[in-house]
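Subject: The structure I promised you

Hi,

Here is the structure we talked about. Have a look at it first, then read on for what turned up.

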Amino acid sequence: MPESAEYLRIAADVIADVRSGKLKPGDRLPSLAQTRADYGVSYGTVQLAYVRLEALRVIRRQQGKGVFVTDPKTWMREP
């Protein structure tokens with residue numbers, strides 16, 4: 001998969017992990033650096049994944065604290 005499409009895979013993986021119970025509301029996601037290393041992608045690719053997840057209300061960022069999973073009941077549906 002070209003790296004330009006990897007952000008979709010990262011976003012889909014986070015959603016799947018929440019749906020399976022591996023991640024729960026309030027859980028903190030790994031750092032950007034860790035996610036980059038796990039997927040072998042650039043910082044920008046991880047940022048794109050997080051922007052997509054934020055737009056769907058799957059995650060919320062807290063300045064200086066990290067990125068956290070939200071309650072699936074608050075998620076927007078994908079168009």
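This is a predicted model: local features need pLDDT of at least 70, side-chain atom pairs count only at pLDDT 80 or more; totals for chains, interfaces and linings use all residues.

One term to start with: a residue is buried under 20% relative accessible area, exposed over 50%, and partly exposed in between, using a 1.4 Å probe and protein chains only. Arg57 has 47% relative accessibility, so it counts as partly exposed.

Residues are numbered from 1 along each chain as its sequence is written, and side-chain values use heavy atoms, with hydrogens and water left out.

Back to Arg57. Where does Arg57 sit? You'll find Arg57 in the loop between helix 3 and strand 1 (59–62).

Ala55 lies in helix 3 and, at 54% relative accessibility, counts as exposed.

Now the helix packing. Two packed helices are described by the angle between their axes and the distance between the axes. Helix 2 (residues 32–39) and helix 3 (residues 43–55) pack at about 110 degrees, and their axes are 9 Å apart. The axes are lines fitted to C-alpha atoms, for helices over the stretch in contact, and the angles run from 0 to 180 degrees between N-to-C directions. Helix 2 and helix 3 are therefore roughly perpendicular to each other; that label covers 65 to 115 degrees, while under 35 is roughly parallel, over 145 roughly antiparallel and the rest oblique.

Which residues meet there? From helix 2 come Leu32, Thr35 and Arg36, and from helix 3 come Tyr43, Val46, Gln47 and Tyr50, where contact means heavy atoms within 4.5 Å. By class, the contact of helix 2 with helix 3 has four nonpolar residues, two polar and one charged. (Nonpolar is Ala, Val, Leu, Ile, Met, Phe, Trp, Tyr, Cys and Pro; charged is Asp, Glu, Lys and Arg; the others, Gly among them, are polar.)

Last up, the charged pairs. Side chains of opposite charge can pair when their charged atoms come close. A salt bridge is a side-chain nitrogen of Lys or Arg within 4 Å of a carboxyl oxygen of Asp or Glu. How many salt bridges does that rule give? The count comes to three, and here they are:

- Arg9 with Glu6: the closest N and O atoms are 2.8 Å apart. Both residues lie in helix 1, three residues apart, about one turn of the helix. Glu6 is buried at 8%, whereas Arg9 is partly exposed at 34%.
- Arg61 with Glu54: the closest N and O atoms are 3.0 Å apart. Arg61 is partly exposed at 33%, and Glu54 is partly exposed at 32%.
- Asp71 with Lys73: the side chains meet at 3.8 Å, N to O. Asp71 is partly exposed at 29%, but Lys73 is exposed at 75%.

Happy exploring!

Conventions
Helices (H or I, at least four residues) and strands (E, at least two) are DSSP runs, numbered from the N terminus.
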